[in-house]
Amino acid sequence: MLREEYRQWRDWVYEHYPWAYALGTGVLALAAWGLCRPLRRRPAWVWGGYMATLGIGALLEPCVDPASSLYGSVLAHGRRDKPLVALTFDDGPHPHNTPLILEALAKAQAPATFFCLGSEALSYPHLVRAMVAEGHLVGSHTFSHRNLLGCTPHTTRQEIEKGLLALETILSRPPQYFRPPYGMRYPWTLEISRSLAQEAVLWSNCPRDWQEPGVETIKARVLAALQPGDIILLHDGGGDRTQTAQALPGLIAAIRERGYQLARVDQLERA
Ligand SMILES: [Zn+2]
């Protein structure tokens with residue numbers, strides 16, 4: 001039950017990110033003010049702590065913002081003047097979801113990009129091979145989906161290297177594109193991925209399919225925000241993605257009706 005409430009809270013924060021930041025700042029300011037009311041002068045540490053919290057928040061923003069290249073270049077979208085958009089699928093391969101998604105893509109003759117987890121790839125290597133055989137691009141999403149904001153540079157390198165090695169073992173060549181789990185990265189995360197010849201790919205269109213909000217909602221969320229060059233974030237792993245698979249035929253048709261072509265991430269031209 002608590003878990004469900006946490007999920008709802010987390011999704012609210014995600015959807016209202018600037019408001020959540022402003023609200024958090026307001027609560028902190030009030031707390032700093034209210035806690036010290038009985039004191040004649042607010043001690044310096046209260047203001048110091050408050051300013052430090054604001055500073056840390058500001059420094060962390062480019063680590064979690066999928067569109068920010070402040071801490072290193074990331075591909076969040078392609079050129080905004082070309083009618084190309086890319087479907088991307090994270091957290092797979094998955095024995096139930098991935099075949100459904102591959103089937104929907106094949107029927108629509110739509111290319112896509114899969115950011116696979118090394119651990120899952122080793123469990124279902126035939127699905128990774130099927131992705132490539134069917135014309136899709138495979139990128140890496142680390143080995144075990146650890147949040148890299150909680151990792152030292154050493155562990156970060158291990159997570160990325162292990163993920164790459166798993167995919168290289170299956171495909172006989174390493175992938176060239178990398179997406180950090182949750183899109184979260186420190187400046188050194190991007191340094192490390194670059195040193196391993198990986199281009200970091202984030203996203204610009206996020207329908208939050210992990211909420212399982214219904215087939216029509218997934219489709220509507222993508223279309224409401226759709227712009228040329230968009231990289232659309234979807235998932236084939238991490239839970240039941242039947243809705244995502246079911247949304248694909250209608251979504252792909254609607255995207256094409258609007259005059260866009262689907263492309264793999266490596267076919268998008270950089271903005
Ligand atoms: Zn992920």
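**Close-up views of a predicted model**

View 1. Look for the buried residues of H7: Thr156, Glu159, Ile160, Gly163, Leu164, Ala166, Leu167 and Ile170. They cover an arc of only 155 degrees around the axis, which puts them on the same side of H7; the arc is that of the directions from the helix axis to the C-beta atoms. A residue is buried if 20 or more other C-beta atoms lie within 10 Å of its own, exposed if 12 or fewer, and partly exposed in between, with C-beta atoms placed from the backbone.

This is a predicted model: local features need pLDDT of at least 70, side-chain atom pairs count only at pLDDT 80 or more, and totals for chains, interfaces and linings use all residues. Residues are numbered from 1 along each chain as its sequence is written.

**View 2. Several elements cover H7.** Among those covering its buried residues are strand S2 (113–116), helix H5 (118–123) and helix H8 (187–195). Contact means that the C-beta atoms of two residues, placed from the backbone, lie within 7 Å. Just after H7, serine 172 takes a positive phi of about 65 degrees.

**View 3. Strand S1 has strand partners.** Six of the seven residues of S1 (residues 84–90) are buried. S1 pairs with strand S6 (residues 231–235) in the parallel sense over five bridges, and two bridges join S1 to strand S7 (residues 261–262), also parallel. Strands pair if DSSP finds at least two bridges between them.

**View 4. A helix links S1 to S2.** Three bridges pair S1 with S2, in the parallel sense, and aspartate 90 stands opposite phenylalanine 115 in S2. From S1 the chain crosses through helix H4 (residues 97–108) to S2, a right-handed β-α-β crossover. Right-handed means that, with the strands pointing away from the viewer, the path from the first strand over the helix to the second runs clockwise.

Key
Helix = DSSP H or I, 4+ residues; strand = E, 2+ residues; numbered from the N terminus.
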